[in-house]
Amino acid sequence: MRVIVVGAGEVGTNIAERLQDAHDVVMIDRDRERVESITYDQDVLALEGNGTSLETLEEAGLERADMVIASTDVDETNVVICGAAKAMDDAFTIARIKRTNLLRTWERSEEAFGVDFMVCTDLHAAEAIVDIAGLPGARDVDSFANGLVRMAEFDVKPTSPIAGETVAEADRYESLTFAAILRDDDVVIPEGETVIQPHDAVVVIGSEESVREFAGSLTPAPTLEQANEVVVVGGSEVGYQTARLFEAAGLEPRLLERDPDRARELAERLPQTLVLQSDATDIDFLVREHVDESDIVVAALESDEKNLLVSLLAKRIGVGRTIGVVEYGEYADLFETVGMDVAINPRLVTAEEITRFTREHRTEKLAMLEHDRAEVLEIEVDADSVLCKTRIREVMADLPEGVVIGAVTRDGELITPRGETVLEGGDHVVVFVDTEVLDEVAAAL
């Protein structure tokens, strides 16, 4: 495909990096330095210009474009870009926005604003936070096949019960597949005799019950249903959406917000949330309000540095688990190294969601792991796929290393894949793929 990406910030750059090998990508940005950097760093055509200008879009080859992705930091600009592109061409348009009111308007009006697909950064970040909070010890969580299948990534600590075990020994959970081991910079496809080492990360795929049971065996931390106290620090849009989703899950979270007007507004919009007006970096206040007794603290302030500080303070006073919003992706690994349990980057979450729409139509959903080292795909099997009417062991023999079939669903039922399992048209297959062999595997499947 020919894809035009407008906005060369973190979202646009991540999208371009993931598309450049398989598609003809053109990037547009108003910042000359960004354009020059992209020209040298990536295999894309980068143009300096205003993406809302028809002349700029035409220079980028709009008449030949299959897709236009508007990923600037301004909601209105992204909507205008999509509208302009739609007025001149029939390319598929995607707009990245932050405000949920625009999303709700678009959802109620088919093809509103000339946008074919809209991604709300803050809402997706909040959903990722709540998903991870709901699974003790998980670093990454995603659902497939309408919730029948769960994928999760866990760190293996030296005290973990599976540290030092072989995969065969650790595989004592029904409907669970060990899809991969992430070790340093390597992706290890596990076999029965593969030893799980301390400091590895393991990726498992299976039923929600099995993944929860596995998580519970790794850590005594409570699930959301068992949590006595959840605290959201910061009344940003991500903080608000996170508290709202916690309410929807049946919880009564507390939310700390420094600004009195914003705190009053949130108290009116969140009936099941106790909103406290205070500075969350005040450790005396945190102790006085018994935040140390919380099971989970979510740091959702507007500043990455403050989110790190809140996370470190929370850990210092005894909070079991911290999840923080990190707007700049390069900070995520560092923050987790120094003490934040899980760092959520809204821009990367958004780039992942948008990238899904550039894949083959049979790719129902995808999740990206460890900064694009691997992907988990959900694919519907059709008559042209090598999977159709074939035993899994035969398919795997013809595919490159770095592929694991983690789960199969058929007519709404979960099937744990085995070598003799025969796949049929219409099956939904959840597949782990090392990024190095992704293009080859995607073409075959």
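Contact here means heavy atoms within 4.5 Å. Keep that cut-off in mind as you click around, and remember that this is a predicted model.

**Stop one: the domains.** Colour the chain by its domain assignment: domain 1 is 2-115, domain 2 is 142-218, domain 3 is 224-350 and domain 4 is 352-444.

**Stop two: where domain 3 meets domain 4.** Select 224-350 and 352-444. Four residues of domain 3 touch four residues of domain 4, while the C-alpha centres of the two domains sit 36 Å apart. About 360 Å² is buried between domain 3 and domain 4, with 45% of that on carbon and sulfur atoms.

**Stop three: H1 and H14.** Leu 348 and Thr 350 turn up again here, as part of H14's contact with H1. Select helix H1 (residues 10-19) and helix H14 (residues 346-356), whose axes are 9 Å apart at an angle of about 40 degrees. That angle makes H1 oblique to H14, and the crossing is right-handed. From H1, bring up Glu 10, Val 11, Asn 14, Ile 15, Arg 18 and Leu 19; their partners in H14 are Arg 347, Leu 348, Thr 350, Ala 351, Glu 352, Ile 354 and Thr 355. Sorted by class, the H1 and H14 contact comes to six nonpolar, three polar and four charged residues.

**Stop four: H12 and H13.** Now pick helix H12 (residues 304-316) and helix H13 (residues 329-338); their axes come within 10 Å and cross at roughly 20 degrees. Angles under 35 degrees count as roughly parallel, so H12 and H13 fall in that group. Their crossing is right-handed. Look for Asp 304, Glu 305, Leu 308 and Leu 312 on H12, meeting Tyr 331, Phe 335 and Val 338 on H13. This contact has five nonpolar and two charged residues, and no polar ones.

**Last stop: H6 and H9.** Select helix H6 (residues 121-133) and helix H9 (residues 237-248), with axes that come within 8 Å and cross at roughly 45 degrees. H6 and H9 are therefore oblique, and H6 passes H9 in a right-handed crossing. Among the contact residues on H6 are Leu 123, Ala 126, Ile 129 and Val 130, and H9 contributes residues including Val 238, Gln 241, Leu 245 and Phe 246. By class, the H6 and H9 contact splits into nine nonpolar, two polar and four charged residues.

Definitions and conventions:
Residues numbered from 1 in each chain as written. Predicted model: local features only at pLDDT ≥ 70, side-chain atom pairs only at ≥ 80, totals over all residues. Heavy atoms only, no water. Axes fitted to C-alpha atoms, helices over the stretch in contact; angles between N-to-C directions. Helix = DSSP H or I, 4+ residues; strand = E, 2+ residues; numbered from the N terminus. Parallel < 35°, antiparallel > 145°, perpendicular 65-115°, else oblique. Left-handed = near helix turned anticlockwise from the far one by under 90°. Nonpolar A, V, L, I, M, F, W, Y, C, P; charged D, E, K, R; others polar. Domains from an automatic or database assignment. Buried area = accessible area lost by both parts, 1.4 Å probe.
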